[in-house]
Amino acid sequence: MSVTVLLVDDEELVRAGLRAVLDTQPDIEVVGEAADGATVVPLVRRLRPDVVALDVRMPLLDGIEATRAILRSVADPPGILVITTFEEDAYVYEALRAGANGFLLKRARPAEIVHAVRLVAEGDSLLFPAAVRRLAAGRGNESARRVLERAALTGREREVLRLMAGGLSNAEIAGRLVLGGETVKSHVSSVLAKLGARDRTQAVITAYESGFVTPG
């Protein structure tokens, strides 16, 4: 099965570059393009892509609001990959808080672009590099601390959350903790449920904002 991708960026050259890279992969198919976030929701409903790669800064509807619109309006929404020029852009962090699954730098190498799309499509690991971890840690707030406290995670769940915050996939967590894959999957699901998180990214944001995990 191919991973289907919708590209959304107001720069035609960026879209063309991403398409050229992704179209070389036998398991990835670009199914559509758009020049602004304002047209994303109807396109997602019609094309049903697995991943939406969208620019964080667009003239009519930026990546933050487009992410919110997709998650609010689309049943079984796709993975969302935010495209940005600068990794320490606060817009990127707000897009992740809004529900995006990770981000991609416009200057990324072809192999990194392909890897990012596949990661977001798989959904069991996330793109949350050091620069964004620092942004998250710097936004520490009492609300996140209360969420973590109320979650009352078990010792094992806390270990799993810490490794999730490091960007490890389920398979990597299983190897690190010497656990079965299904056991890790169950722990991850429990962590998300207890934190009230929609996905791994939201759980990791809570981990950093609460101070449970600090950038290392």
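Hi everyone, let's start on helix α7, where the face turned away from the buried side carries E149 and R150, both exposed (over 50% relative accessible area; buried is under 20%, and partly exposed lies in between, with a 1.4 Å probe and protein chains only). Helices here are DSSP runs of H or I with at least four residues, strands are runs of E with at least two, and both are numbered from the N terminus.

A quick word on the source: this is a predicted model, where local features need pLDDT of at least 70 and side-chain atom pairs count only at pLDDT 80 or more, while totals for chains, interfaces and linings use all residues. Residues are numbered from 1 along each chain as its sequence is written, and side-chain values use heavy atoms, leaving out hydrogens and water.

Back to α7, which covers residues 142-151. Which of its residues are buried? They are A144, L148 and A151. Looking down the axis of α7, these buried residues fall within an arc of 60° (taken from the directions from the helix axis to the C-beta atoms), so they line one face of the helix. Here is a handy rule: an α-helix has 3.6 residues a turn, so residues three or four places apart point the same way. And what do the buried residues of α7 pack against? Their partners are α8 (155-165), α10 and α11 (200-209), with contact meaning heavy atoms within 4.5 Å.

Now for α10 itself, residues 181-195, which packs with α9, residues 170-177, at about 110°, their axes 9 Å apart. Axes are lines fitted to C-alpha atoms, for helices over the stretch in contact, and angles run from 0 to 180 degrees between N-to-C directions. That makes α9 roughly perpendicular to α10 (65 to 115 degrees; under 35 is roughly parallel, over 145 roughly antiparallel, and the rest oblique). From α9 come N170, I173 and A174, and from α10 come G181, V184, K185 and V188.

Our other pair is α2 (residues 40-47) and α3 (residues 63-73), at about 45° with axes 9 Å apart. These two are therefore oblique to each other. In α2, V40, V41, V44 and R45 meet A69, I70 and S73 of α3.

Let's finish with V40 in α2. Is V40 buried or exposed? It is buried, with a relative accessible area of 1%. Leaving aside residues up to four places away in sequence, V40 touches V8 and I70. Its C-alpha atom is separated by 35 Å from that of E182, 142 residues apart along the chain.
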